[in-house]
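The sequence and the structure are shown first, and the description follows.

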Amino acid sequence: MSKRLILIGPPGGGKGTQAKRLEATHGLKHLSTGDMLRAEVAAGSELGSQAKALMDEGKLVPDDLIVAMIAGRIEQPDCADGFILDGFPRTVPQAEALDTMLAQRGVALDAVIKLDVPDGILIDRIRTRIAESGGNARADDNEETLAKRLKVYHEQTAPVLPYYQGKGLLTVLDGNRAMDAVTADLESTLGL
């Protein structure tokens, strides 16, 4: 059953973890814009160089570059059975640009799911991730960057929620529970 969805939530809120679980179990391709951008950085492309400087400061990469990157990616054969966007859109203009791009391809979203996790829990999670990484954490995995990313999330991404609620696509799930419980709620919400 093909499903196309967006997972929204604060940085460190479990979007990537849940997307990977749905990908492994149901074949929905996990498309993390962060991973796509990090791949560009690793490849040393011009986009990657620009993205690295912005990501290291906790800032966002320009919308047109991200939408073009997603447009190319969802046309790949591994997305034919559905996909999960993780980390995009982060602003209402991005949501509008995404809708336009999808409409041009005759693709519609099935759901937008917000994983809700309190900021204090997220700070604890980043501390744990850093401690467990043994000094091999991503450059943007630190409390200072998380604080900036949370500020950006609350100011810019949270307004995307009413946009999708108005389209009847939004479901909010408690992301501050055991992974299996969150996964079960996601599957139930999506009818998987």
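In this predicted model, Gly 12 is in contact with Leu 122, Arg 125 and Arg 129, once its neighbours within four places in sequence are left aside. The residue belongs to the loop between strand S1 and helix H1 (15-26). Gly 12 has a relative accessible area of 25%, so it counts as partly exposed, the limit for a buried residue being under 20%. Gly 14 also lies in the loop between S1 and H1. With neighbours within four places in sequence again set aside, Gly 14 is in contact with Leu 115 and Arg 125.

An unreviewed UniProt entry lists Gly 12, Gly 13, Gly 14, Lys 15, Gly 16, Thr 17, Arg 129 and Arg 177 under "binding site". In the model, the lining of the largest pocket includes Gly 12, Gly 13, Gly 14, Lys 15, Gly 16, Thr 17, Arg 129 and Arg 177 from that list.

Strand S1, on one side of the loop that holds Gly 12, covers residues 3-8. Five of its six residues are buried, so S1 is largely enclosed by the rest of the structure. Its pairings with two other strands are set out below.

The largest nonpolar core holds 31 residues, of which Ile 6, Ile 8, Ile 70, Leu 98, Met 101 and Tyr 164 touch the most other members. The elements giving two or more residues to this core are S1, helix H2 (33-43), helix H3 (46-56), helix H4 (63-74), S3, helix H5 (92-104) and helix H8 (160-166). H4 supplies the largest share, six residues.

Leu 98 illustrates how such a residue is surrounded. Apart from neighbours within four places in sequence, Leu 98 is in contact with Ile 6, Ile 70, Leu 85, Phe 88, Pro 89 and Tyr 164. A second, separate core has 13 residues, including Leu 28, Ile 84, Ile 113 and Leu 190.

Key
Residues numbered from 1 in each chain as written. Predicted model: local features only at pLDDT ≥ 70, side-chain atom pairs only at ≥ 80, totals over all residues. Heavy atoms only, no water. Buried < 20%, exposed > 50% of the residue type's maximum accessible area, 1.4 Å probe, protein only. Helix = DSSP H or I, 4+ residues; strand = E, 2+ residues; numbered from the N terminus. UniProt positions renumbered as here; feature names shortened; annotations may be inferred. 1 Å grid on protein atoms, 1.4 Å probe; cavity = no way out; pocket = protein on both sides within 12 Å on 5 of 7 lines; lining within 4 Å. Contact = heavy atoms within 4.5 Å. Core = buried A, V, L, I, M, F, W, Y, C linked by side-chain atoms within 4.5 Å.
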